[in-house]
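Hello,

Here is the structure I promised to pass on. My notes follow below it.

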Amino acid sequence: MKISLDQFDKAFENRIRLQIMSVLVANESYDFNSLKELLELTDGNLASHLKALEKEAYMEVQKSFIGRKPNTRYSVTEKGRAAFKKHLQALENLIKQQKL
Amino acid sequence: MEEKDIHAELSSIRDLMERSAKFISLSGLSGVMAGIYALIGAGIGYNLLKTGNYEGDNIVFITELFLVAFAVLIFSIGTGFWLSYKKARKIGRPFWSTGSKRLLINMAIPLVSGGLFTFILIYHGHYGIVAPATLIFYGLALVAGSHYTYSGVKSLGIIEILLGLLAALIPGYGLLLWTIGFGVLHIIYGAVMHFKYDS
């Protein structure tokens, strides 16, 4: 049975973006390289998805330096957390509907 | 999107949330090995206690006992790192990850405080509460670290704390309760973890 995707957040239509958000909501913050290793993505690929999520204001970026190495950390915003919850709720509702 | 896709999506989200925050390469076998080292150490300690003639020379005995305990600690930590590193390689996860760093830092705070406190106890000659203190602080370290690895570690920590309190309550059973806490419990928990997660 096919289900319409109307009630889903467009930003999470892409699987990788949903995965990034899953990591961010479970952690206070996460750095670029750890995220890259965990999700097994290339620099460019990860960066483009992060940019998209940042544009939605679902997460924020903190840039700092550890010694001389740049360290970029990402953390979820309240808006992003709410959107992620809503998206999960929509997924769960679909399962419930189908069981009726 | 079909129902099984949604289930797959939800379980991949859950898996990522878990994996990103926790260190799950902790090797069960290293727990078993730590238990065995502790049993050997306790055996040596017991022999020192029985055969040694330490009248009026208590400091030699304490030093020997301390060296044995220190060797047990070093071997246990070494084996833990080595086997967990191997497990991480095997399952293709980074060993030095956000999860492992948090686990180390959160365990190190109670462990280092406990270690220093134990030194101070020995320095002041309060030998009787050394075994209870090491059990209690180790238990606290496990409880603190349990948020960043398998949740079963928390119940092990609570049992270690209870054993430590019991050892403090009834003097003279320090070595026995220490042997149970660091030896027997590690072997049981390590074996359970090994069969539950490693194989």
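**Helix α3 of chain B**

The buried residues of α3(B) are Leu65(B), Ala69(B), Val72(B), Ser76(B), Leu83(B), Ser84(B), Lys87(B) and Ala88(B). Buried means that 20 or more other C-beta atoms, placed from the backbone, lie within 10 Å of the residue's own. Helices here are DSSP runs of H or I with at least four residues, strands are runs of E with at least two, and both are numbered from the N terminus.

This is a predicted model: local features need pLDDT of at least 70, side-chain atom pairs count only at pLDDT 80 or more, and totals for chains, interfaces and linings use all residues. Residues are numbered from 1 along each chain as its sequence is written, with chains lettered from A and ligands numbered from 1 in the order in which they are written.

The cover over the buried residues of α3(B) includes α2 (28–51) and α7 (174–198) of chain B. After α3(B) comes Gly92(B), with a positive phi near 70°.

**Where the chains meet**

On chain A, 17 residues are in contact with 15 residues of chain B (C-beta atoms, placed from the backbone, within 7 Å). α1(A) gives the most to chain A's side, with five residues. That side has eleven nonpolar residues, five polar and one charged. Nonpolar is Ala, Val, Leu, Ile, Met, Phe, Trp, Tyr, Cys and Pro; charged is Asp, Glu, Lys and Arg; the others, Gly among them, are polar.

**A hairpin in chain A**

β2 (59–66) and β3 (69–76) of chain A pair antiparallel over eight bridges (pairing takes at least two DSSP bridges). Ile66(A) has Lys69(A) as its bridge partner in β3(A). Two residues lie between the strands, and Gly67(A) takes a positive phi near 65°.

Best wishes

Terms used
Contact = placed C-beta atoms within 7 Å. Buried ≥ 20, exposed ≤ 12 C-beta atoms within 10 Å, placed from the backbone.
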